[in-house]
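Here's a quick briefing to read alongside the model. Keep the structure open while you go through it.

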Amino acid sequence: MRATFFSAVLMAAAAAQAADLTVTVLDRNGKPLPDAVVLVDSSVQGARPAPVLEASIAQEKLRFVPAVTVVGLGAKVSFSNLDSWDHHVILGVMGAGGVYVDPGQNTQFRLAGRVSGKPAATDSKVLNQPGAYLLGCHIHGSMRGHIVVADTPWAKLGGEDGKAVLQGLPEGPARVRIWHADQLVDGAPTTVQVAANGSAVSITTQISPARKKRPAGDPYFGG
Ligand SMILES: [Cu+2]
């Protein structure tokens, strides 16, 4: 009797479909919000996608490229300087207000400018703390980048259209969290139902993307 009950539960679990959840993130004016990070939690049993454990970020034309990177806990993130002049990588946990929580704990290294015909200077760091990290450079104050170390296997960077497709979610209830570099306070999570054949949801946030100004001395600023 007992065995039958448990095998029935197992069969039900095995039958749960993995589905896609498409999340469209909107700003406070209802417009698509580029570069939002969508994090989804599910406590429904089922397979979990493998976390992203490697990523590369370039320093190119006075920018971190990509500007936002999403990885899993314990990921090794590599940095390469593609410019012909030196850059720093200042890497630290970001707190409220978009500043370093504790600058004394930051990782800092300098990457020499690239010499033509030679490989770019590269260094890397393993990130063992979940949450948002801020990237900067001592020489170029306008250089900003972010890394989100996800505490869930379902984490994706949204595109220019505000859209992120989270794959392999178990059918059933899930909780959606949004992270954005210009977010002033964390919004409340949104509860969604993931259907067996996939679901889509739009989430309007209170985020207004910071108006980008051309930083002094940044000839490459493109808006
Ligand atoms: Cu720099």
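Where is the place of Asp35? Asp35 sits in the loop between strand S1 (18-26) and strand S2 (37-41). Bear in mind that this is a predicted model. With that said, here's the rest of the picture, starting with the chain as a whole.

**The chain overall**
- The secondary structure comes to one helix and 16 strands.
- Of the chain's 223 residues, 27% count as buried.
- Take the contacts between residues at least 6 apart in sequence: 67% of them join residues at least 24 apart.

**The nonpolar core**
- The largest nonpolar core has 43 residues, and Val37, Val38 and Val40 are the ones with the most contacts inside it.
- This core draws at least three residues from each of domain 1 (18-50 + 154-206) and domain 2 (58-152).
- As background, nonpolar side chains tend to be buried together in soluble globular proteins.
- Leaving out residues up to four places away in sequence, Val38 touches Val23, Val25, Lys156, Gly158, Ala164, Leu166, Val176 and Ile178.

**The four-stranded sheet**
- Four strands form an open sheet in the order S12-S2-S14-S15, with antiparallel pairing.
- Strand S12 (154-157) and strand S15 (190-194) are at the edges with a single partner strand each, so one side of each has no neighbour in the sheet.
- On average, neighbouring strands here are turned by 30° against each other, direction ignored.
- Strand S14 (residues 172-179) runs antiparallel to S15, and five bridges join the two.
- If you want a pair to look up, Arg175 has Thr191 in S15 as its bridge partner.

**The three-stranded sheet**
- Another open sheet has three strands in the order S13-S1-S16, and its pairing is mixed.
- S13 and S16 are the edge strands, each with a single partner strand, so one side of each is left without a neighbour in the sheet.
- Neighbouring strands of this sheet are turned by 25° against each other on average, again ignoring direction.
- Six bridges pair S1 with strand S13 (residues 163-170) in the antiparallel sense, and Ala18 has Pro170 in S13 as its bridge partner.
- S1 also pairs with strand S16 (residues 199-204), this time in the parallel sense and over six bridges; here Leu21 stands opposite Ser199.
- For a reminder of what holds such strands together, pairing in a sheet goes through backbone hydrogen bonds, either parallel or antiparallel.

**Backbone spots worth a look**
- Back to Asp35: its phi is near 60°, a positive value in a residue other than glycine.
- Asp35 counts as partly exposed, because 19 other C-beta atoms lie within 10 Å, and a residue needs 20 or more to be called buried.
- Lys61 also has a positive phi, near 50°, and is a residue other than glycine.
- You'll find Lys61 in the loop between strand S3 (54-60) and S4.
- Val65 and Pro66 are joined by a cis peptide bond, with omega about 0°.
- Pro66 itself lies in the loop between strand S4 (63-65) and strand S5 (68-72).

**Thr205, after S16**
- Thr205 is in the segment that follows S16.
- With 18 other C-beta atoms within 10 Å, Thr205 is partly exposed.
- Not counting residues up to four places away in sequence, Thr205 touches Val25, Leu26, Asp27, Arg28, Leu33, Ile178 and Gly187.
- The C-alpha atoms of Thr205 and Ala188 are separated by 9.3 Å, and these two residues are 17 apart along the chain.

Definitions and conventions:
Residues numbered from 1 in each chain as written. Predicted model: local features only at pLDDT ≥ 70, side-chain atom pairs only at ≥ 80, totals over all residues. Buried ≥ 20, exposed ≤ 12 C-beta atoms within 10 Å, placed from the backbone. Contact = placed C-beta atoms within 7 Å. Core = buried A, V, L, I, M, F, W, Y, C linked by C-beta atoms within 7 Å. Domains from an automatic or database assignment. Pairing = 2+ DSSP bridges. Axes fitted to C-alpha atoms, helices over the stretch in contact; angles between N-to-C directions.
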